[in-house]
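Hi,

Here is the structure I promised to pass on.

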Number of protein chains: 2
Amino acid sequence: MRMTFRIVLLAIFAFTLWFIPPPLSIVPSTWHLFTIFISTIVAILFNIIPIIAAAIIALAVSILSGIIEPAKAYAGFSESFILLIVAAFLVSHAVHKSGLGKRLSLHIIRHFGHSTLGLGYSVVATDILIAPAFPSNTARSGVLYPIIYGLAHDCGSKVGDNTQHRAGSYLMMTSMAGLTISSGLWLTAMAVNPIGVGIAEKMGIHITFGSWLLYAIVPTLIAFALIPWMLYRIYPPELKKTPDAPLKASVALEHMGRISRNEWITAGVFVSMLTLWALSGVFPIDKAAVAFGGLGILMATGVFGIDDFRSQGEALSTLIWFAILFGLSTQLAEQGFMNTIAEHFTHYLSGLSWVTVYVLLIAVYVLIHYLFVSQSAHLLALFGIFLSVGVQAGVPGELMAIMLLFATNFNATITPQGSSCNAIYLSSGYISARDIYLYGGAVTLLTFCIFLLIGTPWILAVR
Amino acid sequence: MRMTFRIVLLAIFAFTLWFIPPPLSIVPSTWHLFTIFISTIVAILFNIIPIIAAAIIALAVSILSGIIEPAKAYAGFSESFILLIVAAFLVSHAVHKSGLGKRLSLHIIRHFGHSTLGLGYSVVATDILIAPAFPSNTARSGVLYPIIYGLAHDCGSKVGDNTQHRAGSYLMMTSMAGLTISSGLWLTAMAVNPIGVGIAEKMGIHITFGSWLLYAIVPTLIAFALIPWMLYRIYPPELKKTPDAPLKASVALEHMGRISRNEWITAGVFVSMLTLWALSGVFPIDKAAVAFGGLGILMATGVFGIDDFRSQGEALSTLIWFAILFGLSTQLAEQGFMNTIAEHFTHYLSGLSWVTVYVLLIAVYVLIHYLFVSQSAHLLALFGIFLSVGVQAGVPGELMAIMLLFATNFNATITPQGSSCNAIYLSSGYISARDIYLYGGAVTLLTFCIFLLIGTPWILAVR
């Protein structure tokens with residue numbers, strides 16, 4: 001009954017919004033699309049219906065009411081970066097199933113497993129170290145995910161038997177949050193970083209691999225120190241101290257014996273995928289095709305069987321909700337909704353000091369990410385506008401550009417759909433969509449403060 | 001080892017084809033794409049690797065070798081009619097889970113359940129009767145599938161415990177084959193029938209709902225009489241006579257009691273979907289959005305839970321292999337491969353009698369379906385060419401047009417990817433891809449003979 005009540009409230013909210021006259025000279029059909037999108041987010045945020053149900057209802061309403069053409073609504077399903085999530089998720093199942101994930105995670109526990117907090121730090125540290133070679137944070141999440149899944153299992157934390165909060169939820173959330181800063185540390189750690197640098201270049205602002213790293217290093221290291229610890233406080237694992245874990249891991253590793261045939265094959269495929277993904281920054285290699293190729297080899301060699309597919313409905317669910325929300329958000333952007341808001345907002349900025357303009361621009365840029373699905377869409381739609389508004393208001397160009405680029409990365413955990421990386425962690429079942437809104441939101445607030453309060457003076461000092 | 005040997009043979013076949021000089025002035029990249037496509041089909045046909053593995057390897061090779069652009073290779077994933085399969089498959093799970101599928105199938109058994117053959121006939125008869133109101137055979141397969149799934153279960157035939165051949169395999173194959181003739185009986189029973197009629201109209205050939213039915217009725221009824229019986233002989237169910245089944249079904253129905261809440265909701269959703277699908281011939285209603293909307297309601301009301309998604313990996317597998325093969329075949333057609341073959345073939349026709357030309361054209365039109373994924377793609381690519389070649393050679397226009405349209409329908413079971421309908425039956429696990437090549441192929445041969453030998457004189461007599 002409680003649930004029915006909440007569904008009724010949501011329906012009233014959606015209907016009211018639908019029928020009020022659109023502000024800011026937004027056309028009615030765009031306003032209706034916004035109503036559908038924001039109602040979907042509210043439904044997910046307040047746990048009214050699952051994200052997949054919310055997404056498919058939003059899709060059906062948008063198409064059947066004639067607001068979006070079917071082809072545009074479905075466009076997300078054939079996006080390479082979304083299919084990459086699916087393929088990487090399936091490969092991660094093979095990494096787990098072959099025992100390779102367990103072996104890697106046992107090695108991590110042997111070295112850092114005295115406490116769950118220690119594991120949290122080691123996960124983010126691994127991410128930060130491998131990041132410069134990975135031009136896609138989605139691909140990187142595909143690498144980290146099976147290892148973290150193994151870590152959770154080895155800590156006796158599983159989905160379905162009410163032990164997910166023992167360690168798994170914390171580790172998944174920490175790794176997801178860690179990706180936002182590993183991606184911001186290196187120019188080459190995220191697909192849209194170089195695109196943003198390219199846009200800035202056209203406006204006469206030069207950022208190199210080295211200057212990017214210099215600007216990023218101080219705020220990133222502080223965020224690295226604080227994120228695993230903060231999540232440990234506000235989203236605590238039930239399992240805290242594990243003094244015997246390293247010894248147990250050593251025993252378990254001995255017990256696992258030599259690397260099996262399936263582990264060798266999986267390791268070979270995994271390393272080949274990593275190599276090709278790393279090379280995809282230099283050569284035009286489609287990352288999803290690499291993952292599909294890896295999966296194909298794992299299937300042809302029997303490591304990933306046809307029966308393994310049966311239990312992969314979660315990957316389907318992820319594909320569906322992510323592709324739908326991406327399609328809706330893209331339409332919202334294409335119909336100029338985000339631009340209208342951004343332009344309207346910049347009217348209020350005239351006459352303000354550059355510092356105020358700078359802070360407001362970054363804050364709005366982060367908050368507006370609630371409306372975007374994936375980081376690339378956000379950067380492509382708004383980075384250029386925000387940068388030029390800031391520069392016109394007197395903000396130093398390099399500062400404005402690099403901080404917007406950092407924000408493109410650190411705003412990623414503000415919603416479940418904020419980054420394609422989040423999807424793979426959410427699909428694990430260890431964390432809920434609502435958890436991401438709450439604790440991912442808290443992480444975003446923390447990184448926002450760190451980058452603005454410490455990053456800004458640091459950048460001004462060293463530039 | 002046997003399997004390794006077959007994989008090696010396949011690799012030799014593929015490599016040889018790849019490196020021989022392309023015939024008929026086909027450009028090398030198109031020839032390589034053809035090599036990939038035909039090797040995939042051979043791999044599936046000879047059971048070398050599963051269809052999903054074959055498809056993803058084909059995808060990876062096509063993209064990573066630079067033969068197809070990623071966006072084109074992935075285009076199938078956002079095709080509305082392919083997403084319709086996925087959504088219909090998920091809804092059918094709810095129909096089964098709610099008990100509604102069981103109830104409907106028990107009613108059928110109560111009336112026609114004295115033998116498995118009787119059930120086969122009743123399934124195809126139901127299909128034929130509801131077909132004129134369904135402008136999409138894919139949607140119709142989504143309606144029939146959960147009922148047949150229920151029938152199989154009620155006959156004690158399940159996937160996974162080695163009882164699938166008791167009754168389920170036969171019923172699935174029969175229904176799949178039945179769809180090819182129900183779609184050909186009515187102008188409005190299949191999405192591309194009216195498109196073909198429109199193309200013919202532009203060439204001065206007039207076909208109406210009535211004349212279509214008149215031409216189709218005799219060969220279709222003969223095919224209806226023979227298909228369930230032939231499959232009963234060559235693809236026999238282990239369970240044959242079931243004299244007590246109707247009584248048992250009555251008892252089971254009584255035992256089921258009154259219709260439950262979930263059944264009512266599912267029935268409401270199901271009937272609404274049927275209504276909207278039926279109306280989609282008149283109004284521009286996207287059929288996949290209808291199915292997604294139905295699924296959304298089933299999820300919001302808890303009939304289809306979030307946990308139900310976990311076990312729907314088969315739907316993901318179907319989406320992936322179908323979308324990939326569709327993308328590859330579309331590229332093959334766009335690069336002119338099928339046209340080149342068709343044009344080359346028509347060179348040989350000059351000087352032959354119109355009867356010979358007619359038979360050859362129909363035979364080639366059917367056989368070339370091995371290269372096509374989905375019936376729509378085939379019709380759009382080749383119907384116009386074949387029709388004009390036939391008419392120029394003196395074949396009566398109406399005969400040529402209607403027989404090509406019949407062939408577009410009855411060639412559908414020649415391969416697993418020949419129609420989107422097949423995908424849902426294949427995903428059940430009751431039949432294998434190889435079964436479709438063999439027994440679906442046999443059905444195609446049978447209907448080819450019926451339509452050519454009996455249909456032709458009948459059409460000439462009544463036109």
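**Cysteines, then the interface**

B:C449 counts as partly exposed, because its relative accessibility is 33% and that class covers what lies between under 20% (buried) and over 50% (exposed). Bear in mind that this is a predicted model. B:C421, on the other hand, is buried, with a relative accessible area of 2%; that puts B:C421 in the buried class because the cut-off is under 20%. As for disulfides, the count over all chains comes to zero.

Now for where the two chains meet. On the chain A side 43 residues are in contact, and they touch 43 residues of chain B. Between them, chain A and chain B bury about 3,500 Å², and carbon and sulfur atoms give 80% of that area.

Which elements of chain A give two or more residues to the side that touches chain B? They are α3 (51–64), α5 (80–98), α14 (287–300), α15 (306–310) and α16 (313–334). The largest share comes from α14(A), with nine residues. Sorted by type, the residues on this side of chain A are 32 nonpolar, eight polar and three charged.

What about polar links across the interface? I get zero salt bridges between chain A and chain B, while five residue pairs are in polar contact, with both partners at pLDDT 80 or more.

Cheers

Conventions
Residues are numbered from 1 along each chain as its sequence is written. Chains are lettered from A and ligands numbered from 1 in the order in which they are written. This is a predicted model: local features need pLDDT of at least 70, side-chain atom pairs count only at pLDDT 80 or more; totals for chains, interfaces and linings use all residues. Side-chain values use heavy atoms; hydrogens and water are left out. Contact means heavy atoms within 4.5 Å. Buried area is the accessible area (1.4 Å probe) that two parts lose on being put together, summed over both. A salt bridge is a side-chain nitrogen of Lys or Arg within 4 Å of a carboxyl oxygen of Asp or Glu. A polar contact is a pair of N or O atoms within 3.5 Å; within protein, one must be able to donate a hydrogen and the other to accept it, and residues adjacent in sequence count only if both atoms are side-chain atoms. Helices (H or I, at least four residues) and strands (E, at least two) are DSSP runs, numbered from the N terminus. Ala, Val, Leu, Ile, Met, Phe, Trp, Tyr, Cys and Pro count as nonpolar, Asp, Glu, Lys and Arg as charged, and the others, Gly among them, as polar. A disulfide is a pair of cysteine sulfur atoms within 2.5 Å. Buried means under 20% relative accessible area, exposed over 50%, partly exposed in between (1.4 Å probe, protein chains only).
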